[in-house]
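Open the model in your viewer and keep the selection panel at hand.

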Amino acid sequence: MIDLRSDTVTKPTVEMRQAAFEAEVGDDVYGEDPTVTRLEEEAAKVLGKEAALFVTSGTQGNQIAVLTHTRPGNEIILEENSHIFYYESGAVAALAGVQTRTLPGVKGAMDPEVVEEAVRAEDQHFPETGLICVENTHNRAGGAILSPENMEAIYSVACRNQVPVHVDGARLFNAAAGIGRDVKEFTKHCDTVQVCLSKGLGAPVGSIIAGDRKFIQRARKWRKRLGGGLRQVGMIAAPGLVALTTMRERLIEDHEKAAVLKEALQNSKGISVINDVDTNIVVADVQGTGLSSKEYVELLKEKGILIGGFGAETVRFTTHYDVSMEDIRKTAIILKSL
Ligand SMILES: *Cc1c(COP(=O)(O)O)cnc(C)c1O
């Protein structure tokens, strides 16, 4: 099977398994796991922030960020198709007790002027705007890259209004690879950021949140409250460190694979690619084939290719480390033959 459902299906490399086996560990709730400490220090450095915290998942990282930045009754501003709004089981309502103010995006990017209008003035009728969230790359917009300029403009609105900005950067390293710039070109325009180690970077488990020292100290307490304080967690931080330090450069290969898929899909009857394919995600409308997305997913499955449904008429192909260019070429031939 060629598995293009998600970049989360990557399995840990031999080097990662070796690193887990050899990891020096201790009780991380006591602050005694040297491997976790090394991962957090390295992540803070890479992301250009004072401190970082290792968390179990991207969702947990985002939720800890929302919990740490806000108080119940606050309003948070975020794009209407953002992961935090769309895919986190209503956690911001269930856990942080905040209400969401969703704004439309163009390829995932909110208009800074519209963001500014959405920030609440001081009035006893109004909730306080507690946080602005930005997602880069934007998942539902098909891995779209938000420009550093858009992030800068939103951050400037936020600073002017004294509202913090959190970046859901589950695939922020894909954005950096996509524009060929350092990830700090993005992270300098936010207060806090979450990055996934377990997607394109290939680690088996884990995410990082980064921000200033005080934020991370408070975030650590929220992680504990949520049951995310773990013990000899160097066992999974070690592969995370391999992911963070050795797998970022190769993300561009995943983008090249996605470009080949895009081309193949554009030459397939009844299929149209509906995103720009900035990074490792291709979203295709299959309506012209006469099949529903569900039926198309099933058809490809019979041919040995796994993809994800992404709506009634759209499907998603995601490239990653565990599918080779050869797999992609095979896929391309099958797609064109349908
Ligand atoms: C995958 C993803 C997350 C959540 O990460 P998990 O580790 O699956 O919880 C958050 N935001 C975006 C944009 C994602 O793509």
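Angles between axes under 35 degrees count as roughly parallel, over 145 as roughly antiparallel, 65 to 115 as roughly perpendicular and the rest as oblique. Axes are lines fitted to C-alpha atoms, for helices over the stretch in contact, and angles run from 0 to 180 degrees between N-to-C directions. Helices (H or I, at least four residues) and strands (E, at least two) are DSSP runs, numbered from the N terminus.

This is a predicted model, in which local features need pLDDT of at least 70 and side-chain atom pairs count only at pLDDT 80 or more, while totals for chains, interfaces and linings use all residues. Residues are numbered from 1 along each chain as its sequence is written, and side-chain values use heavy atoms, with hydrogens and water left out.

**Helix pairs**

Select residues 172-179 (α8) and 251-266 (α12): their axes come within 9 Å and cross at roughly 75°. The two helices are therefore roughly perpendicular to each other. In the contact (heavy atoms within 4.5 Å), Phe173, Asn174, Ala177 and Gly178 of α8 meet Leu251, Ile252 and His255 of α12. These residues divide into 4 nonpolar, 3 polar and no charged. Here Ala, Val, Leu, Ile, Met, Phe, Trp, Tyr, Cys and Pro count as nonpolar, Asp, Glu, Lys and Arg as charged, and the others, Gly among them, as polar.

The α12 side of the contact includes Val260, Leu261 and Ala264, and the α14 side includes Ile328, Ala332 and Leu335. By class, this contact has 8 nonpolar, 1 polar and 5 charged residues.

**Loops**

The peptide bond leading from Asn136 to Thr137 is cis, with omega near -5°.

Lys107 sits in the loop between β4 (99-103) and α6 (112-118). Its phi is positive, about 50°, although Lys107 is not a glycine. Gln162, in the loop between α7 and β6 (165-169), also has a positive phi, near 55°.

**Cavities**

How many cavities of 30 Å³ or more does a search of the whole structure find? There are 5. A cavity is a set of points, on a 1 Å grid over the protein atoms alone, where a 1.4 Å probe fits but cannot get out; lining residues have an atom within 4 Å of a point. Grid points are joined across faces, edges and corners, and a volume is the space filled by probe spheres set on the points.

The largest cavity has a volume of about 50 Å³. Select His83, Glu135, Thr137, Asn139, Asp168, Ala170, Arg171 and Lys199 to show its lining. The lining has 1 nonpolar, 3 polar and 4 charged residues.

Key. 1 Å grid on protein atoms, 1.4 Å probe; cavity = no way out; pocket = protein on both sides within 12 Å on 5 of 7 lines; lining within 4 Å.
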